[in-house]
Amino acid sequence: MHDDFEQTVQLNFSKTFMPTPIVRRDILSQIKGPGAPQTILIQDGTSIIGRSADADIRFQSSRVSRKHAKLIYDGAEYSCTDLDSHNGLLLNGITVHSAALRDGDTIQIGDIVFIYHQGVQWASM
């Protein structure tokens, strides 16, 4: 028997072989309206939803006001607030002025319908 069987392996951990970091992000899944279906990654801070060129999340629909609603992240949760739009903001089928968002909530802005998803795995760039 030969007990001198020892082998040394060197690993080179370059960026090429590092796995892509996975982060959890909140998203809106658009299920109805112009442009559907699509997935929208929500940015931290405040995002304006509307048809204006200044809106962070834009839709070309006559039923969406220029500045229809805003999404606000306060460090713990997202909320959605109507910006005195013509067609209002519906959360789970109920007209609201402002509400905290929970995973699975349905948001309707004019003829655009989203489902809010909290903490979806997202490959970072």
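Visitor: What makes two residues a contact here?

Guide: A contact means heavy atoms within 4.5 Å. Of the contacts in the chain with a separation of 6 or more, 39% join residues 24 or more positions apart. This is a predicted model, in which local features need pLDDT of at least 70, side-chain atom pairs count only at pLDDT 80 or more, and totals for chains, interfaces and linings use all residues. Residues are numbered from 1 along each chain as its sequence is written, and side-chain values use heavy atoms, with hydrogens and water left out.

Visitor: Which residues does Pro34 touch, not counting residues up to four places away in sequence?

Guide: Pro34 touches Phe59, Gln60, Ser61, Asp111 and Ile112 on that count. Pro34 sits in the loop between β1 (22-32) and β2 (38-41), where strands are DSSP runs of E, at least two residues, numbered from the N terminus.

Visitor: Why is Pro34 called partly exposed?

Guide: Buried means under 20% relative accessible area and exposed over 50%, with partly exposed in between (1.4 Å probe, protein chains only). Pro34 has 35%, so the residue is partly exposed.

Visitor: What makes Glu77 and Arg102 a salt bridge?

Guide: The term requires a side-chain nitrogen of Lys or Arg within 4 Å of a carboxyl oxygen of Asp or Glu. The N to O distance between Glu77 and Arg102 is 2.8 Å, so the pair qualifies. Glu77 is in the loop between β5 (69-73) and β6 (78-82) and Arg102 in the loop between β9 (98-100) and β10 (106-109), so the pair ties together parts 25 residues apart in sequence.

Terms used
Helices (H or I, at least four residues) and strands (E, at least two) are DSSP runs, numbered from the N terminus.
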